[in-house]
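Here's a quick briefing to read alongside the model.

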Amino acid sequence: VRLVESGGRLVQAGASLRLACVVSGRTFTDYAMGWFRQAPGKEREFVAAINWSGGSTYYADSVKGRFTGSRDNAKSTMYLQMNSLRPEDTAVYYCAAGFAHSFNSSFYDYWGQGTQVTVSS
């Protein structure tokens, strides 16, 4: 299974970005999906999780109301719409595939290489 993220870049505070994660190698709907991020010098942290159909999502408190996760199963792609970005959102963002849409990274078996999001103040 291969996961490839895209969409990260440098933006100003208050801007919006949409990240994408394309999955190949297995049936996309076999997997729940998650987004995690890691800032320099910090532990990787949970951002969002989406079940196989996209009908169930949940978010870290730090992004709730600003970020929205979705997936297009016909395109084998998951998205993360990020609005009202803040400097503290600066991190490498990773997508992950697993068998439960959990905040716990150990539930995910496959990971992408990450995409850098930098938010300037």
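Two strands count as paired if DSSP finds at least two bridges between them. With that in mind, start with W35: its bridge partner in strand 9 is C95. One thing to keep in mind throughout is that this is a predicted model.

**Overall fold**

- The protein chain is made of strands: 11 of them, with 0 helices.
- Going along the sequence, the pattern reads β-β-β-β-β-β-β-β-β-β-β.
- Along the principal axes, the C-alpha atoms of the protein chain fill a box of roughly 40 × 25 × 25 Å.
- Of the 121 residues in the protein chain, 43% are buried.
- Take the contacts between residues at least 6 apart in sequence: 58% of them join residues at least 24 apart.
- The accessible surface of the protein chain is about 6,000 Å², and carbon and sulfur atoms hold 47% of that.

**Strand 4 and its partners**

- Is strand 4 mostly covered or mostly open? It's mostly covered, with 6 of its 7 residues buried.
- Strand 4 pairs with strand 9 (residues 91-98) in the antiparallel sense, over 7 bridges.
- Strand 4 also pairs with strand 5, again antiparallel, over 5 bridges.
- Strands 4 and 5 form a hairpin with 6 residues between the strands, and in that hairpin G41 takes a positive phi near 75°.
- Across this pairing, F36 stands opposite F46 in strand 5.
- As background, side chains in a regular strand alternate between the two faces of the sheet.

**Aromatic pairs around F36**

- How many aromatic pairs does a search of the whole structure find? The search turns up 7.
- For F36 and F46, the ring centres are 5.7 Å apart and the planes sit at 70°, so this pair is edge-to-face; the cut-off for that label is over 60 degrees.
- F36 belongs to strand 4 (residues 32-38) and F46 to strand 5 (residues 45-50), so the pair ties together parts that are 10 residues apart in sequence.
- F36 is buried at a relative accessible area of 2%, and F46 counts as buried too, at 13% relative accessibility; buried here means under 20%.
- F36 makes another edge-to-face pair, with Y108: 5.3 Å centre to centre and 80° between the planes.
- That pair with Y108 links distant parts of the chain, since F36 is in strand 4 and Y108 is in strand 10 (residues 108-111), 72 residues apart.
- Both F36 and Y108 are buried.
- Zooming out, ring pairs link F36, F46, Y58, Y108 and W111 into a cluster.

**Charges over rings**

- Which residue lies over the face of W111? That's R44, at 4.0 Å from the ring centre; W111 is also one of the residues in the ring cluster.
- R71 does something along those lines with F28: its charged end sits over the ring of F28, 4.1 Å from the centre.

**Where to look in the viewer**

- From F36, follow the ring cluster to W111, then check R44 over the face of W111.
- For the sheet, go from W35 to its bridge partner C95 in strand 9, along the antiparallel pairing of strand 4 and strand 9.

Terms used. Residues are numbered from 1 along each chain as its sequence is written. Side-chain values use heavy atoms; hydrogens and water are left out. Rings of Phe, Tyr and Trp (its six-membered ring) pair if their centres lie within 6.5 Å; planes under 30 degrees apart count as stacked, over 60 as edge-to-face and the rest as tilted. Helices (H or I, at least four residues) and strands (E, at least two) are DSSP runs, numbered from the N terminus. Buried means under 20% relative accessible area, exposed over 50%, partly exposed in between (1.4 Å probe, protein chains only). A charge sits over a ring if NZ of Lys or CZ of Arg is within 6 Å of the ring centre and within 35 degrees of the ring normal. Contact means heavy atoms within 4.5 Å. Accessible areas come from the Shrake-Rupley method with a 1.4 Å probe; for residues, only the protein chains shown count as cover.
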